[in-house]
Amino acid sequence: MSRTAILAALGSTLVLSPQAFAEFLADSKASVELRNFYFNRDFRQDNAAQSKQDEWAQGFLLRYESGYTEGTIGVGVDALGLLGVKLDSSPDRAGSGLLPRDKDKVNGAPDDYSELGLTAKLRASKSTLKIGTLLPKLPTVLANDSRLLPQTFEGAHLNSAEFAGLTFDGGRLRQVSQRDSSNREDMTVTSGSARGIVATDTSDQFDFAGLSYKWTPQLTTGYSYAKLDGLYDQHIVNLVHVLPVAAGQSLKTDLRYARSDDDGHSNVDNRAFGAMLTYTLGGHGFGAGYQKMSGDTGFAYIGGTDAFLVNFVQIGDFANRDEKSWQARYDYDFGALGVPGLTFMTRYLSGDSIELGAGKPEGKEWERDTDIGYVVQSGPLKNVGVKWRNATVRSSHFGNDLDENRLILSYVLPLW
C-alpha cells in the first residue's frame with residue numbers, strides 16, 4: 001500500500017467542518033509503553049556455533065489512535081512510533097531478536113533502531129478499512145510481539161461485522177518489518193531442516209480472507225484462507241467451545257485444522273491438526289493438548305510470525321515433518337487468593353516421529369516453559385508489569401539444546 005493513499009486520507013481531515021473534526025479529536029487516545037527487556041539463551045549442544053545469546057535493551061512504543069469524523073464514512077488515522085535502544089550486547093552474544101544483527105557478525109548490534117508507522121482508516125456502519133501499517137492477529141497471519149518491538153506489516157485490512165455474530169476479515173499484505181529490524185522487506189515462508197520446506201523465492205503479496213461466526217455465547221467457528229503468492233496457499237478451520245460445568249468451573253475445547261499446499265516456488269505439503277482442552281476451576285487452569293503433522297513437509301507460515309497452532313509455545317512450534325506432539329499445562333491466577341495481577345503458568349511439551357530424511361533416525365524434542373508475571377493494579381505504579389519467562393529445550397538428531405531466561409519490565413502510560 002503506497003503512502004500516497006495514507007497521505008490522501010490524512011489530507012481529507014484538513015477540509016472537514018469544525019464539528020466533524022472535533023469528533024476526530026474527541027475520541028482519540030494515545031499511550032506510551034516502556035519495555036526493558038533482558039534476554040539470555042545458552043546453547044547446550046556439542047559444537048554449537050554460538051555459546052550464548054545475551055542482550056539487554058530498552059524499548060519505547062508510542063501509540064496514537066484517532067476517532068472518526070462524522071458522516072456516512074468516518075475518516076481517521078493511527079500512528080505507531082517504535083524505538084529500540086541497546087543497553088548491552090556484543091558480536092559474540094548477538095542474535096536474540098531484541099536488536100538488529102550485523103549479518104557479517106563483526107560489528108554486533110547498532111546502538112538504536114526505530115520505525116514510524118501510519119495507518120489511514122475508514123469506517124462505514126460496522127465495517128472498518130485500514131490501510132498502511134498493520135499488526136494483524138488472524139489465524140492465517142499472527143504478527144509477532146514477543147521481543148522488544150513488534151513485527152509490523154504494510155497493507156490493507158477490512159474488518160466487517162454487519163451481521164450479528166458474523167465477522168469477516170480480508171485484505172492484502174505487501175511487506176513486513178521484522179521485530180528486530182526497521183527495514184521493509186518481502187515475505188518468506190518459515191523453513192528449517194526438520195520442517196522439510198524448500199522455498200526458492202520471496203513474495204510481496206499475501207492475500208487473506210476469513211469468516212468467524214458466534215453461534216452461541218459458548219460456541220464460535222471459523223474458516224480462513226490465505227495465499228502467500230508463489231509460495232503456498234492455506235485453508236484453516238477452527239472451533240472454540242466453552243462448556244459451563246458448575247459455578248467457577250468450565251471446560252474449553254479448541255480445535256484447529258489446516259491444509260497447506262505449494263504455489264509454484266516451494267514444496268509445501270502439510271496437514272496440521274491440533275486440539276487443546278482446558279478445565280478451569282476457580283483460579284486453576286488444567287490443559288492438555290495434542291498436535292499432529294502429516295504430508296511431505298511441516299506447517300507453513302510467514303517467516304517471523306506466530307503460528308496458529310495449539311503447540312506453538314515460547315521457543316518451539318512442534319510443526320516439523322510428520323511430528324506428533326502433546327502438551328500438559330497448568331495456570332494459576334492469584335486473584336483467587338486476593339492478589340490480583342499475579343499469574344503463574346507452567347507447561348511441558350514432547351514431540352516425536354519427526355521425519356529427518358532417508359536413512360536418518362526419527363527426531364524427538366521436548367520443551368518446558370514457566371512464566372511468572374505481576375502487573376500493579378492501583379496506586380502511583382499502576383500498570384507497571386514484571387514478567388520472568390524460563391524455557392528449556394532438548395532434541396535428538398536435530399535442532400538446538402538450550403536454556404533460556406527472559407526478564408521483562410513494562411509500563412504503559414496513557415497520555416490522554
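Modeller: Gladly! A residue is called buried under 20% relative accessible area, exposed over 50%, and partly exposed in between. Please keep in mind that this is a predicted model.

Biologist: What makes Arg-195 buried?

Modeller: The relative accessible area of Arg-195 is 7%. Buried means under 20%, so Arg-195 is buried. You will find Arg-195 in the loop between strand S9 (166-177) and strand S10 (206-216). Beyond its neighbours within four places in sequence, Arg-195 is in contact with several residues, among them Thr-190, Phe-299, Tyr-301 and Asp-317.

Biologist: How do you know that Asp-78 and Lys-130 meet in a salt bridge?

Modeller: The test is a side-chain nitrogen of Lys or Arg within 4 Å of a carboxyl oxygen of Asp or Glu. For Asp-78 and Lys-130 the N to O value is 3.8 Å, so the pair meets the definition of a salt bridge. The pair links distant parts of the chain, with Asp-78 in strand S3 and Lys-130 in strand S5 (residues 127-134), 52 residues apart. Asp-78 counts as buried at 9% relative accessibility, whereas Lys-130 counts as partly exposed at 31%.

Biologist: How many salt bridges does the structure hold?

Modeller: The structure holds 26 of them. One is made by the side chains of Arg-406 and Glu-404, at 2.7 Å from N to O, and both residues are buried. There is also a network of salt bridges that links Glu-33, Arg-35, Arg-63 and Asp-145.

Biologist: Which parts does the salt bridge of Asp-263 and Lys-227 tie together?

Modeller: The side chains of Asp-263 and Lys-227 meet at 3.8 Å, N to O. Asp-263 lies in the loop between S13 and S14, and Lys-227 in strand S11 (residues 219-228), so the pair ties together parts that are 36 residues apart in sequence. Asp-263 is partly exposed, with a relative accessible area of 22%.

Biologist: What makes S13 and S14 a pair of strands?

Modeller: Two strands pair if there are at least two bridges between them. Strand S13 (residues 249-262) and strand S14 (residues 269-281) have 13 bridges, in the antiparallel sense, so they pass that test. For instance, Leu-251 has Tyr-279 in S14 as its bridge partner. S13 and S14 form a hairpin with six residues between them, and Gly-264 in the turn has a positive phi of about 110°.

Biologist: Last one: what makes the link between Asp-88 and Arg-93 a polar contact?

Modeller: The cut-off is 3.5 Å between N or O atoms, and the side chains of Asp-88 and Arg-93 make their polar contact at 3.2 Å. Asp-88 sits in strand S3 (residues 74-88) and also touches Asp-54, Glu-55 and Trp-56.

Definitions and conventions: Residues are numbered from 1 along each chain as its sequence is written. This is a predicted model: local features need pLDDT of at least 70, side-chain atom pairs count only at pLDDT 80 or more; totals for chains, interfaces and linings use all residues. Side-chain values use heavy atoms; hydrogens and water are left out. Helices (H or I, at least four residues) and strands (E, at least two) are DSSP runs, numbered from the N terminus. Buried means under 20% relative accessible area, exposed over 50%, partly exposed in between (1.4 Å probe, protein chains only). Contact means heavy atoms within 4.5 Å. A polar contact is a pair of N or O atoms within 3.5 Å; within protein, one must be able to donate a hydrogen and the other to accept it, and residues adjacent in sequence count only if both atoms are side-chain atoms.
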